[in-house]
Amino acid sequence: MNRRGFLKSIAGFSIALAGAQLAIPVTAKCKMIAPLTDLVGKTFLDQRIKDNIAKFKQDNPHLKIGETHCHSIFSDGTYSVDKIMGRAARLGLDFMIITEHVQPHLYPLEHALASIKERGRCCDEWNHPGLDPIDVYPAFELSTLQGHLILVMDKDYLKPKFLGELKTRFSHLDQKMISMEDSAKMVQPLGGVSIIPHPERERAYPFGVPISFARQYLTGLVDAIEDISTGHGYEENYSQELGMASIGSSDDHFNLIIGTTVTGYDSRKHKNLLSAIKARETLAVKINESLDDILGMARLVL
Ligand SMILES: [Zn+2]
Ligand SMILES: [Zn+2]
């Protein structure tokens with residue numbers, strides 16, 4: 001096999017593992033996959049995403065765009081918060097939201113709060129010369145009785161002095177799962193929003209809430225829904241039917257597909273993403289499709 005063929009097969013293998021989001025221990029995943037996804041990113045993917053983002057921003061100068069769903073080593077991702085934030089800034093994104101899992105007896109709240117604290121620290125001690133610090137939000141992805149729900153809080157909650165309040169408000173989530181309706185209500189007093197990730201996607205445990213449930217119980221309560229997802233391989237228009245804000249994201253666990261699908265808002269009308277989501281004035285944008293075929297195959301095969 002020549003060098004190009006070798007690189008292509010390595011890329012395929014690593015993307016397949018990344019796309020399938022295999023349930024293998026995080027430490028093993030880090031060892032196996034991180035060097036491979038690094039190689040894929042460096043050899044071809046980053047430049048493609050970066051070029052497409054630059055072109056999109058040139059055509060839409062008032063839009064702020066960013067990633068709203070991905071994971072770091074504080075839950076089941078394989079990269080550090082600092083590395084993810086640095087790459088997102090390098091790709092040209094304006095903001096990013098890391099969404100660590102919180103689930104009783106599996107992903108403790110304490111780890112999600114440590115991730116939030118680390119985001120604040122990385123902003124304050126920005127360590128990526130030549131790049132402006134990227135805008136970040138405190139958030140996590142909660143396992144509820146009906147499936148996952150992303151909760152994003154006001155940026156004030158990045159400050160260490162407010163972490164104690166988050167701990168007090170959410171500590172019961174370590175004990176047992178609650179309903180999606182009650183989960184959505186919890187974020188409202190914190191100036192935050194709730195986002196339904198990967199609706200209709202089924203796993204052996206509550207994962208993607210069915211649209212029929214969302215229609216009946218979540219309209220007027222949950223703020224937004226993922227219309228486009230690179231990680232889960234679909235493009236829909238759920239938000240319009242449900243009267244929610246439209247979200248595009250990657251659900252990246254490997255610092256690989258961040259930025260391939262993004263959420264945008266008009267910075268002339270809204271001071272931040274949360275304001276745009278509350279007004280239902282966001283849009284989901286597909287930035288790069290070069291991995292879609294191989295991710296699709298990975299979902300079928302693995
Ligand atoms: Zn999820
Ligand atoms: Zn996720």
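Reader: Where is asparagine 255 found, and what makes it count as buried?

Author: In this predicted model, asparagine 255 sits in the loop between β10 (245-249) and β11 (261-266). It has 23 C-beta neighbours inside 10 Å, and the cut-off for buried is 20 or more, so asparagine 255 counts as buried.

Reader: What is the phi of asparagine 255?

Author: Its phi is near 50°, a positive value in a residue other than glycine. Most residues other than glycine have a negative phi.

Reader: Which loop holds histidine 198, and what is its phi?

Author: Histidine 198 lies in the loop between β7 (193-196) and α7 (211-218). Its phi is positive, about 30°, although histidine 198 is not a glycine.

Reader: How do you know whether histidine 198 is buried or exposed?

Author: Count the C-beta atoms: histidine 198 has 22 others within 10 Å. Buried takes 20 or more, so histidine 198 is buried.

Reader: Why are α4 and α5 called roughly antiparallel?

Author: Look at the angle. The axes of α4 (residues 109-124) and α5 (residues 160-170) cross at roughly 160°. Anything over 145 degrees counts as roughly antiparallel, so that is what these two helices are. Their axes come within 11 Å, and α4 passes α5 in a right-handed crossing.

Reader: Which residues meet there?

Author: On the α4 side there are Leu109, Leu113, Ile116, Lys117 and Gly120, and they meet Pro160, Leu163, Leu166, Lys167 and Phe170 in α5.

Reader: What makes β4 and β12 stand at the edges of their sheet?

Author: The sheet is open, with five strands in the order β4-β2-β1-β11-β12 and mixed pairing. β4 (135-136) and β12 (282-286) each have a single partner strand, so one side of each is left without a neighbour in the sheet. For β4, strand β2 (residues 95-96) pairs with it in the parallel sense over two bridges, and phenylalanine 95 stands opposite aspartate 135.

Reader: Which residues have the most contacts inside the largest nonpolar core?

Author: Ala139, Leu151 and Val152, in a core of 69 residues. Alanine 139 is itself in contact with Leu151 and Val152, among others including Ile97 and Met153.

How values were computed
Residues are numbered from 1 along each chain as its sequence is written. Chains are lettered from A and ligands numbered from 1 in the order in which they are written. This is a predicted model: local features need pLDDT of at least 70, side-chain atom pairs count only at pLDDT 80 or more; totals for chains, interfaces and linings use all residues. A nonpolar core is a set of buried Ala, Val, Leu, Ile, Met, Phe, Trp, Tyr and Cys residues joined through C-beta atoms within 7 Å. A residue is buried if 20 or more other C-beta atoms lie within 10 Å of its own, exposed if 12 or fewer, and partly exposed in between; C-beta atoms are placed from the backbone. Two residues are in contact if their C-beta atoms, placed from the backbone, lie within 7 Å. Two strands pair if DSSP finds at least two bridges between them. Helices (H or I, at least four residues) and strands (E, at least two) are DSSP runs, numbered from the N terminus. Axes are lines fitted to C-alpha atoms, for helices over the stretch in contact, and angles run from 0 to 180 degrees between N-to-C directions. Angles under 35 degrees count as roughly parallel, over 145 as roughly antiparallel, 65 to 115 as roughly perpendicular and the rest as oblique. A crossing is left-handed if the near helix is turned anticlockwise from the far one by less than a right angle, and right-handed if clockwise. Lists of a residue's contacts leave out its neighbours within four places in sequence.
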